[in-house]
Amino acid sequence: MTRAISEIGLSVKRLQARHHREANAALAPLGVSLVQWDALRHLRRNPEASLHDLAQLTFQTDQSFGTLATRMIDRGLIERVPGPGRAVKHRLTAKGDEIREQGQQLLNEVLERSFAPLDADELAVFDRLLQRLLG
């Protein structure tokens, strides 16, 4: 018998919360949070993205991403560069890219532990189902 849809939804949220907690703990030695690391990842993938685009990619408001970006600039992880017109772009620094890369390895370890109870076939099915739900 299938559980109530509300319980399934809550389980998804609990898995996400566990990933966030464990990711933040793993990233702490690098001096960044999951939110900061995620910003570095999206800057790497989208080097010409506007502040607004980066806010959307990181599930933040423009204002909160602007505050986050300022803190990351102060730490030497990213820098502001002029864009077209009045637009301001951000770019990874060498230090920021190094932290991003180290963080990726740590996050891979967190996720591998989390999904370890699934064998390769189950993980592939899980991935396909997620893609279908998000598609």
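The secondary structure of this predicted model comes to 6 helices and 2 strands, taken as DSSP runs numbered from the N terminus (helices: H or I, at least four residues; strands: E, at least two). From the N terminus on, the order is α-α-α-α-β-β-α-α. Residues are numbered from 1 along each chain as its sequence is written, and side-chain values use heavy atoms, with hydrogens and water left out. Local features need pLDDT of at least 70 and side-chain atom pairs count only at pLDDT 80 or more, while totals for chains, interfaces and linings use all residues.

Of the 135 residues in the protein, 29% are buried, that is, under 20% relative accessible area with a 1.4 Å probe, protein chains only. Leaving aside neighbours within four places in sequence, Met72 is in contact with Gln36, Ala39, Leu40, Leu77 and Ile78, where contact means heavy atoms within 4.5 Å.

As for how H2 packs on H5, the two axes (lines fitted to C-alpha atoms over the stretch in contact, with angles from 0 to 180 degrees between N-to-C directions) come within 9 Å and cross at roughly 115°. H2 and H5 are therefore roughly perpendicular, a label covering 65 to 115 degrees. On the H2 side, the contact is made by Leu34, Trp37, Leu40, Arg41 and Arg44; H5 brings Gly96, Asp97, Ile99, Arg100, Gly103, Gln104 and Leu107.

Key: Angles under 35 degrees count as roughly parallel, over 145 as roughly antiparallel, 65 to 115 as roughly perpendicular and the rest as oblique. Buried means under 20% relative accessible area, exposed over 50%, partly exposed in between (1.4 Å probe, protein chains only).
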